[in-house]
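Here are some notes for your reading of this model. Please keep the structure open beside them.

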Amino acid sequence: MAGTVSINLASGSRAQAPATRDAPIVRWTLIAIALGFLALFLVLPLVVIFAEAFREGIGAYFASFNDPDALAAIKLTLLTAAIAVPVNVVFGVCAAWAITKFKFPGRSLLVTLIDLPFAVSPVVAGLIFVLVFGLQGWLGPWLAEHDIKVIFAVPGIVLATLFITFPFVARELIPLMEEQGTEEEQAAMTLGARGWTIFRRVTLPNIRWALLYGVILCNARAMGEFGAVSVVSGHIRGETNTLPLHVEILYNEYSFVAAFATASLLAVLAIVTLVLKSLVEYRVRRQIARAAIGEESS
Amino acid sequence: MATIARSNPFKRRPGRIPGFGLTLGITLSYLSLIVLIPLLGLFIKTAELTWSEFWGTITDARVLASFKLSLGGSLIAALVNLVFGFIVAWVLVRYSFPGRKIVDALVDLPFAMPTAVSGIALTALYAQNGWLGGPLEGVGIKAAFSRMGVIIALIFIGLPFVVRTLQPALADLEAEIEEAAASLGANRIQTLRRVIIPAVLPAVLTGFALAFARAVGEYGSVVFISGNMPMRTEITPLLIITKLEQFDYAGATAIAVVLLVFSFIMLLSINILQLWSTARSR
């Protein structure tokens with residue numbers, strides 16, 4: 001009896017399935033609208049960068065990089081990312097450890113505060129550092145007395161980048177580590193492991209993909225940040241110009257080929273970021289799913 | 001079995017995991033130094049202004065025009081993204097077609113691309129001699145260096161927020177609910193309107209709020225295509241930079257405080273929306 005009922009149900013739901021699915025004409029219309037919209041707003045802008053960069057041929061393209069200011073901009077961009085990414089990794093791991101392995105009052109407020117830089121306009125982010133370190137700012141007179149330059153110099157660019165890329169690593173780690181809980185760390189402790197060993201041998205293998213994911217996003221933003229860096233940089237060629245700022249200068253001087261050639265480097269960086277991101281994303285999801293299953297079965 | 005699990009030594013003696021003081025200390029110090037104290041500085045700097053100076057600055061005709069453009073343009077862009085973002089998310093979650101994975105990865109392009117690069121690319125595309133700007137000019141639409149250019153850039157920058165917020169919500173919808181609606185005689189449009197949209201409404205609103213908040217503060221992708229004409233196509237973040245370049249620190253600060261308070265309000269609403277959506281999914 002029970003068998004026949006379940007068979008009836010199964011065949012019934014199969015018969016009804018088409019009613020919950022869209023008709024082919026609806027399906028293909030929606031796919032066409034979605035792809036058309038994405039082609040217009042995402043693909044065309046990407047293609048136009050390379051079309052403009054190679055407009056005067058491949059020789060003109062490569063000539064754009066044969067410029068000491070361009071090389072200085074590349075160097076400064078790499079330097080900024082080389083500082084901002086590791087610092088934010090250390091912070092992100094610490095923040096995620098404190099927030100997910102312990103319960104304390106103000107925990108959710110702290111999570112919100114970590115997200116704060118995402119909500120702030122990049123221009124405002126740059127401005128707050130001008131107000132602290134600029135000549136008219138709090139520390140301005142003292143810094144001037146000791147001949148330390150922060151604003152319109154490299155330290156200001158690094159600070160603004162740190163602010164902008166602040167949440168990336170932490171916010172990738174927090175949901176995963178929350179899901180994983182503390183059982184494995186506690187097991188390691190009862191076996192006699194100390195703090196650093198627990199982190200290195202137990203936690204780190206569990207979070208490595210999410211950490212890498214955060215690093216990829218953090219690095220892309222650190223190399224590409226424009227608004228905040230623009231406010232604190234002062235646009236001194238060869239000294240305080242990052243790649244995105246160099247693009248702006250070239251563009252405003254009507255050196256379009258050079259501007260788009262430089263932009264194409266950053267576009268390649270964006271494409272590489274997207275590829276790496278989708279490769280790693282899959283592993284992060286699997287890790288989160290595994291943690292969720294582990295939690296249910298325990 | 002259950003008794004064995006309960007007497008598991010790992011669970012019986014949950015010793016304290018080390019590192020609380022150290023990690024929380026680093027987190028709070030770094031957060032304060034890089035984020036909180038500099039942000040506080042903005043409010044302290046504004047407090048140096050008298051109320052009438054502050055009010056005079058932010059109600060100046062040019063500033064008000066920029067608020068109107070930034071808020072209005074962002075609102076229109078977020079609404080456009082709401083419609084098309086919903087379609088894109090639906091297509092990516094529900095249908096399979098060749099190249100779906102590539103399209104899915106491409107949605108994040110506005111996140112990954114430096115805003116200045118997006119800005120000059122959109123300008124080249126929509127300028128008079130551009131691939132799209134030329135034909136549009138032919139039918140009498142001036143896309144670049146106009147308010148429409150601002151909106152185009154803001155649509156570009158906001159799209160991933162709507163799609164990425166909606167995708168998990170649509171994927172979590174259980175097929176049974178739609179089957180129930182269908183078996184009760186609802187057609188697809190009715191199911192969409194009465195069943196699907198109410199169920200994903202928190203995600204829709206969150207995505208909209210995220211796209212809107214980002215657009216109001218956006219700078220890099222807009223300044224190239226907007227043309228930056230005072231009173232007409234000057235967005236608020238650009239006005240802050242203009243004031244700074246004129247060494248009008250007080251003016252820049254006053255406008256920045258307005259933007260910042262707006263960001264806080266948006267952040268608060270987004271948090272409330274997310275609480276609502278998690279409460280609903282339980």
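1. Which residue forms a salt bridge with Asp22(A)? The partner is Arg188(B), and the closest N and O atoms of the two are 2.8 Å apart. Bear in mind that this is a predicted model. The rule finds two salt bridges across the interface of chain B and chain A.

2. Polar contacts between chain B and chain A come to nine residue pairs. On the side of chain B that touches chain A, helix α3 (residues 20–47) of chain B gives the largest share, 18 residues. That side holds 64 nonpolar, 14 polar and eight charged residues.

3. In the interface, 86 residues of chain B are in contact with 87 residues of chain A. About 8000 Å² is buried between the two chains, 82% of it on carbon and sulfur atoms. Ile17(B), Tyr30(B) and Tyr95(B) supply 9% of the area that chain B buries against chain A, more than any other three residues.

4. Over all chains the count is 27 aromatic pairs. One of them is stacked: Phe37(A) and Phe84(B), 4.4 Å centre to centre with 5 degrees between the planes. This pair crosses between chains, from helix α2 (residues 24–53) of chain A to helix α5 (residues 61–94) of chain B. Phe37(A) is buried at 6% relative accessibility, whereas Phe84(B) is partly exposed at 28%.

5. Phe91(A) and Phe166(A) are stacked because their planes are at 25 degrees, with ring centres 4.3 Å apart. The two residues lie 75 residues apart in the chain. Phe91(A) is buried at 1% relative accessibility, and Phe166(A) is buried at 0%.

Methods: Residues are numbered from 1 along each chain as its sequence is written. Chains are lettered from A and ligands numbered from 1 in the order in which they are written. This is a predicted model: local features need pLDDT of at least 70, side-chain atom pairs count only at pLDDT 80 or more; totals for chains, interfaces and linings use all residues. Side-chain values use heavy atoms; hydrogens and water are left out. Contact means heavy atoms within 4.5 Å. Buried area is the accessible area (1.4 Å probe) that two parts lose on being put together, summed over both. A salt bridge is a side-chain nitrogen of Lys or Arg within 4 Å of a carboxyl oxygen of Asp or Glu. A polar contact is a pair of N or O atoms within 3.5 Å; within protein, one must be able to donate a hydrogen and the other to accept it, and residues adjacent in sequence count only if both atoms are side-chain atoms. Helices (H or I, at least four residues) and strands (E, at least two) are DSSP runs, numbered from the N terminus. Ala, Val, Leu, Ile, Met, Phe, Trp, Tyr, Cys and Pro count as nonpolar, Asp, Glu, Lys and Arg as charged, and the others, Gly among them, as polar. Rings of Phe, Tyr and Trp (its six-membered ring) pair if their centres lie within 6.5 Å; planes under 30 degrees apart count as stacked, over 60 as edge-to-face and the rest as tilted. Buried means under 20% relative accessible area, exposed over 50%, partly exposed in between (1.4 Å probe, protein chains only).
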